[in-house]
Amino acid sequence: MLHVCSLSTLHQTSERIGATRLITLINEGTPVERPAGILPENHLFLAFNDIIEPMDGMTPPATIHVEKLLEFVEDWDQSSPMLIHCWAGISRSTAGAYITSCYLNPHRSELEIARKLRHAAPSATPNIRLVRIADKLLSRDGRMEEAVTSIGRGADAFEGAPFSFWFDNN
């Protein structure tokens with residue numbers, strides 16, 4: 001099962017769900033202490049800023065970041081929880097969860113996945129640049145970006161509440 005949270009709730013969420021794999025999507029230089037129970041090889045740290053267009057002095061999400069995310073997800077046997085977090089649990093981490101779900105559910109509608117994300121996380125505002133890159137890599141022909149655009153900006157929040165996001169294989 002996928003779980004999403006903010007940096008401030010990382011340790012308590014990891015302990016509560018028994019996470020064994022972790023994806024960190026956060027600014028370069030942000031200190032992140034890996035929770036107990038997560039081995040270094042089971043922690044993917046991707047450093048980039050939460051921006052959608054290049055800006056001086058900032059690192060935008062790039063193809064290499066999404067490729068590394070997909071490689072990490074590919075190696076996950078899904079037998080234990082994976083936790084995805086960013087600074088606020090609203091933009092980068094929700095994009096990561098959406099991308100992961102689209103990757104693991106190639107025959108599900110992108111819109112169905114986006115709507116399920118909105119239901120699970122009212123404040124979710126997935127980083128559209130990340131989604132756009134994944135859309136191309138996964139050959140979704142713009143449907144991922146359209147689906148995320150269709151659910152709109154999430155509810156205003158300083159920080160997203162931790163949530164679970166998953167589809168049963170039925």
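I take two strands as paired if DSSP finds at least two bridges between them. The model I am looking at is predicted.

**Overall build**

I looked up the elements first: the protein chain has six helices and five strands. From the N terminus on, I read their order as β-α-β-β-α-β-α-α-α-α-β. The radius of gyration of the protein chain is 15 Å, close to the 15 Å from the globule rule for 170 residues, so I note the chain as being as compact as a globular protein of that length. Along the principal axes, the C-alpha atoms fill a box of roughly 45 × 40 × 30 Å.

Of the 170 residues, 53% count as buried. Among contacts with a separation of 6 or more, 70% join residues 24 or more positions apart.

**Surface and charge**

I have the accessible surface of the protein chain at about 8,400 Å², with 50% of that belonging to carbon and sulfur atoms. I counted 15 positive and 21 negative side chains, and the centres of the two sets lie 4 Å apart.

**Strand β2**

I went through β2, residues 21-26, next. Six of its six residues are buried, so the strand is largely enclosed by the rest of the structure. Side chains in a regular strand alternate between the two faces of the sheet. In β2, I find Arg21, Ile23 and Leu25 pointing one way and Leu22, Thr24 and Ile26 the other way.

For its partners, I find β2 paired in the parallel sense with β4 (residues 82-86) over four bridges, and with β3 (residues 43-47), also parallel, over five bridges. Leucine 22 stands opposite leucine 83 in β4 and opposite histidine 43 in β3.

Conventions. Residues are numbered from 1 along each chain as its sequence is written. This is a predicted model: local features need pLDDT of at least 70, side-chain atom pairs count only at pLDDT 80 or more; totals for chains, interfaces and linings use all residues. Side-chain values use heavy atoms; hydrogens and water are left out. Helices (H or I, at least four residues) and strands (E, at least two) are DSSP runs, numbered from the N terminus. The radius of gyration is taken over C-alpha atoms; the globule rule is 2.2 Å times the number of residues to the power 0.38. Buried means under 20% relative accessible area, exposed over 50%, partly exposed in between (1.4 Å probe, protein chains only). Contact means heavy atoms within 4.5 Å. Accessible areas come from the Shrake-Rupley method with a 1.4 Å probe; for residues, only the protein chains shown count as cover. Lys and Arg count as positive and Asp and Glu as negative; His and the chain ends are not counted. The place of a charge is taken as NZ of Lys, CZ of Arg, CG of Asp or CD of Glu.
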